[in-house]
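Open the model in your viewer and keep the selection tool at hand.

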Amino acid sequence: MTDTQVTIHRLGHQGDGIAPGPVFVPLTLPGEVVAGAVDGDRMEAPRIVTPSPDRVRAPCAHFRSCGGCSLMHASDGFVAGWKAQVIETALAAHDLTTEIRATATSPARSRRRATLAGRRTKKGALVGFHGRRSDVIVPLTECHVIAPDLFTLIPVLEEIVKLGGSRSATLSFALTLTETGVDCAVSGGKPLDGPLRAALPRFRDRITRLTWGDEPVYAEAVPRLCFGPVAVAPPPGAFLQATAEGEAALRAAVAEGLTGAARIADLFAGCGTFALPLATHAPVHAVEGDESLTAALSQAARHAQGLRPVTTETRDLFRRPLLPEELAKFDGVVIDPPRAGAEAQTRALAEARVPRIAMVSCNPVTFARDAALLTQAGYRLNWVQPVDQFRWSPHVELAASLSLPHLSAN
Ligand SMILES: C[S@@+](CC[C@H](N)C(=O)[O-])C[C@H]1O[C@@H](n2cnc3c(N)ncnc32)[C@H](O)[C@@H]1O
């Protein structure tokens, strides 16, 4: 194959550079001239002919092979600006513009929730992230993303793979660093037979709670997370914002967006990231599809001191969104759906004309679609706060404030 020379025009949603054609070129930046063999629509191993001024030396030795990060070759300023631009572009597709605030980027080594892969090998076991566009597991001698307490657990996870893994299957370790230690939910392992069940508790000094598939193995202590002043015991594998700093930035934005609200609904509430701190000021009704999360939220609220009333409801908000007449009793709503967004629920919010809405999203495209439903119904999009808790990855998250025009912007 002969070399082709191309100029990168922009980054795509996966973080790959895109040259006219289109040709997708990983690990490049806009404006760079690169050369290499093109296979189909990809240039996998580009030689950088003219580097961008935003190009930096990646801090991690595994960056070229590990699939965990794809933007480590760009300056922090570039990544923050690019993430804000992704939001701006998604909004522009719906003719929306607003103030896009400076991206709140979580520090290196702050991820408290991560999923690592593990597999048995001829020599023993391997635990790490999957490689870039591959199933191969990259062993990690360093990681600039996950919290040190998760990184140093890798040898322990390798021991678990030796006991409960096979050479044909990949184990998945969903890790959450809680205030009482690491909560670990394993999937893809051998069946939990008697000998395996008897062997696993030897890891109890490093892993606080271990779950194998759907089965609890042991809980040395109840994992505890604090959402503002309220302690929550999350169920295994519970959703949690990826970094404490990201959670704080989202929570501050949600609180600002709902300033003045006296009766709040939290939709897609998880186990209470927003509902519980908001309940220090106003009564909150928290709605969530996963019963184990609603139960954890409800139990935390019952044991907390000084909260306004918190009610919970387990409900599938895609199939059965809260109806306009149900929403009429709230003057503030926070809505934080999964990547698909919440089209049906947002239509009901628009009809109900809830005065203040704080939207949280991990997908700017569905966010913009849903925000447009509200602006078409007369809401003002006051601002968007980009939040980067998946540092060096192309994921973009945000919080946004919308309100009816007679209210001052929060
Ligand atoms: C992005 S998470 C946000 C959770 C929470 N707001 C937080 O910050 O921790 C989305 C939540 O929506 C819930 N969910 C997903 N599909 C749902 C549905 N159809 N109905 C209700 N909840 C759903 C998930 O269980 C998850 O807790």
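## Stop 1: the ligand

Select the shell of residues around the ligand, which divides into nine nonpolar, four polar and four charged. Here Ala, Val, Leu, Ile, Met, Phe, Trp, Tyr, Cys and Pro count as nonpolar, Asp, Glu, Lys and Arg as charged, and the others, Gly among them, as polar. This is a predicted model, in which local features need pLDDT of at least 70 and side-chain atom pairs count only at pLDDT 80 or more, while totals for chains, interfaces and linings use all residues. Residues are numbered from 1 along each chain as its sequence is written, and side-chain values use heavy atoms, with hydrogens and water left out.

Next, select Gln241, Thr273, Glu288, Asp316 and Leu317, which come nearest of the 17 residues around the ligand (a residue is near if one of its heavy atoms lies within 4 Å of the molecule).

With glutamate 288, an oxygen atom of the ligand lies 2.6 Å from a side-chain N or O atom. With glycine 289, a ligand nitrogen is 3.0 Å from a polar backbone atom. With aspartate 316, a ligand nitrogen is 2.9 Å from an N or O atom of the side chain. On its own the ligand has 590 Å² of accessible area, and the protein covers 86% of that (Shrake-Rupley method, 1.4 Å probe).

## Stop 2: the second largest pocket

Select helix H1 (76–92) and strand S2 (10–11), each of which supplies at least two residues of this lining (helices are DSSP runs of H or I with at least four residues, strands runs of E with at least two). The largest share, six residues, comes from H1. Other names to click include Pro30 and Val365. The pocket holds about 230 Å³.

On a 1 Å grid over the protein atoms alone, a pocket is an open set of points with protein on both sides within 12 Å along at least five of seven lines; in a cavity a 1.4 Å probe fits but cannot get out, and lining residues have an atom within 4 Å of a point. Grid points are joined across faces, edges and corners, and a volume is the space filled by probe spheres set on them.

## Stop 3: the cavities

How many cavities of 30 Å³ or more does the whole structure have? A search finds three. For the largest, of about 60 Å³, select lining residues including Ile335, Met359, Phe367 and Asp370. Strand S22 (356–361) and helix H10 (364–376) are the elements that give two or more residues to this lining.

Terms used
Polar contact = N/O pair within 3.5 Å; in protein donor to acceptor, adjacent residues only side chain to side chain.
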